[in-house]
Number of protein chains: 2
Amino acid sequence: MTNRGRVVKFATGNLHKFKEAQAILFNTGIQLEMVSAKTMEIQSDDLTEVAVASLRDARSREHGPLIVEDAGLFVESLNGFPGPYSAYVNRTLGCDGILRLLADSRGRSAEFRSAIAYTDDDLRLRVKTFLGVVKGRISDEMRGQRGFGFDPIFIPTGYDMTFAEMGVEEKSQLSHRARALEAFASWYLS
Amino acid sequence: MTNRGRVVKFATGNLHKFKEAQAILFNTGIQLEMVSAKTMEIQSDDLTEVAVASLRDARSREHGPLIVEDAGLFVESLNGFPGPYSAYVNRTLGCDGILRLLADSRGRSAEFRSAIAYTDDDLRLRVKTFLGVVKGRISDEMRGQRGFGFDPIFIPTGYDMTFAEMGVEEKSQLSHRARALEAFASWYLS
């Protein structure tokens, strides 16, 4: 029996994130279904730990193959800030806050990370995790209207555009989320 | 039977915080005992919610009367940042990061909040919570060597000194932590 064509639930409160993930997995034959249940998140500097805790929480309400994703922007000269708290920091300080923190020409190296945790319907809570990383730098100003979160200030290495200036397709060829989802899909379909 | 003289465990990984709490409760007759177990913290904008989740986690390992405390600095013009993530933000950006975020003369109003969650040894996990708040403003520069965390940049309303310039006794007459602990002590001893 193959997993191609099977439905996998994606527990997230972020519609942007869901749509992006759906587009990334479209060609693999995995059908994503959004489960909008707000998952509990723990405080940890480790994205994978956060994702696994959220998965266990979502598992208590949802049956069937299930993934959660936790993503974050890690700025090197800010000791990894905002990291696992990227959603909160985006809500309170926005992209502008990161630019202000880097205003006195600190190093602008940064990376986006995406951690995915998966579990199937097995009674023993078997969990698999996948990490995707894309390196880049923080731009000098916000640019672009696409994407979400810190996309307007992140320029992936080898490019001049921010994630928010790229189309979904272009972003999906190199993004942290795409890399994590592709690792998941490749394992899930094999 | 009175609770005076009884030992209450305080689950925290922060020795500064423990010593401060111990000094605040000294005259009440409540003896604090540090339980250094690292507690699990959830991501939530509500300090009390964070404290209650940490308490339930610590409860699974510790018996007897038990408290946990979660504290945060809430800067009004930063939409409450760093709030419940104050420990993480202090570790990554430090006091200097908050000063940089306020450099372009945004409003400097802020408050420190402390949430305490308590449970006794009752089999039904009965939880009581207490909140302490102190209003003030963010200083223009770091001042003082005492205290910990964001103390060097917080000036309580009606004072010219930062928390880090005050002695433990003076800080304990007005701090968020003192207010929350006094509310707890007054309830616990009655």
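How are H1(B) and H6(B) oriented to each other? Before I answer, keep in mind that this is a predicted model. Helix H1 of chain B covers residues 15–25, and helix H6 of chain B covers residues 176–189. Their axes come within 10 Å and cross at roughly 50°. An angle between 35 and 65 degrees falls in the oblique range, so H1(B) and H6(B) are oblique to each other. The crossing of the two is right-handed.

Here are the residues that make this contact. On H1(B) they are Glu20(B), Ala21(B), Ile24(B) and Leu25(B). On H6(B) they are Arg177(B), Ala178(B), Leu181(B) and Ala185(B). Sorted by class, the contact has 6 nonpolar and 2 charged residues, with no polar ones.

Next, the two chains. On the chain A side, 15 residues are in contact with 15 residues of chain B. Two helices of chain A, H3 (86–92) and H4 (94–101), each supply at least two residues of the side that touches chain B. Which of them gives the most? That is H4(A), with 3 residues. By class, this side of chain A has 8 nonpolar, 5 polar and 2 charged residues.

Now to strand S3 of chain A, residues 66–75. Is this strand mostly covered or mostly open? S3(A) is mostly covered, with 10 of its 10 residues buried. In a regular strand, side chains alternate between the two faces of the sheet. Here Leu66(A), Val68(A), Asp70(A), Gly72(A) and Phe74(A) point one way from S3(A). Ile67(A), Glu69(A), Ala71(A), Leu73(A) and Val75(A) point the other way, and both sets are buried. Note that Asp70(A) and Glu69(A) are among these buried residues.

Which strands does S3(A) pair with? I will take them in order. Strand S1 of chain A, residues 7–11, pairs with S3(A) in the parallel sense over 2 bridges. Lys9(A) stands opposite Leu66(A) there. Strand S5 of chain A, residues 109–119, runs antiparallel to S3(A), and 10 bridges join them. In that pairing, Gly72(A) has Arg113(A) as its bridge partner. Strand S4 of chain A, residues 82–83, pairs with S3(A) in the antiparallel sense over 2 bridges. The bridge partner of Phe74(A) in S4(A) is Pro82(A).

How values were computed. Residues are numbered from 1 along each chain as its sequence is written. Chains are lettered from A and ligands numbered from 1 in the order in which they are written. This is a predicted model: local features need pLDDT of at least 70, side-chain atom pairs count only at pLDDT 80 or more; totals for chains, interfaces and linings use all residues. Axes are lines fitted to C-alpha atoms, for helices over the stretch in contact, and angles run from 0 to 180 degrees between N-to-C directions. Helices (H or I, at least four residues) and strands (E, at least two) are DSSP runs, numbered from the N terminus. Angles under 35 degrees count as roughly parallel, over 145 as roughly antiparallel, 65 to 115 as roughly perpendicular and the rest as oblique. A crossing is left-handed if the near helix is turned anticlockwise from the far one by less than a right angle, and right-handed if clockwise. Two residues are in contact if their C-beta atoms, placed from the backbone, lie within 7 Å. Ala, Val, Leu, Ile, Met, Phe, Trp, Tyr, Cys and Pro count as nonpolar, Asp, Glu, Lys and Arg as charged, and the others, Gly among them, as polar. A residue is buried if 20 or more other C-beta atoms lie within 10 Å of its own, exposed if 12 or fewer, and partly exposed in between; C-beta atoms are placed from the backbone. Two strands pair if DSSP finds at least two bridges between them.
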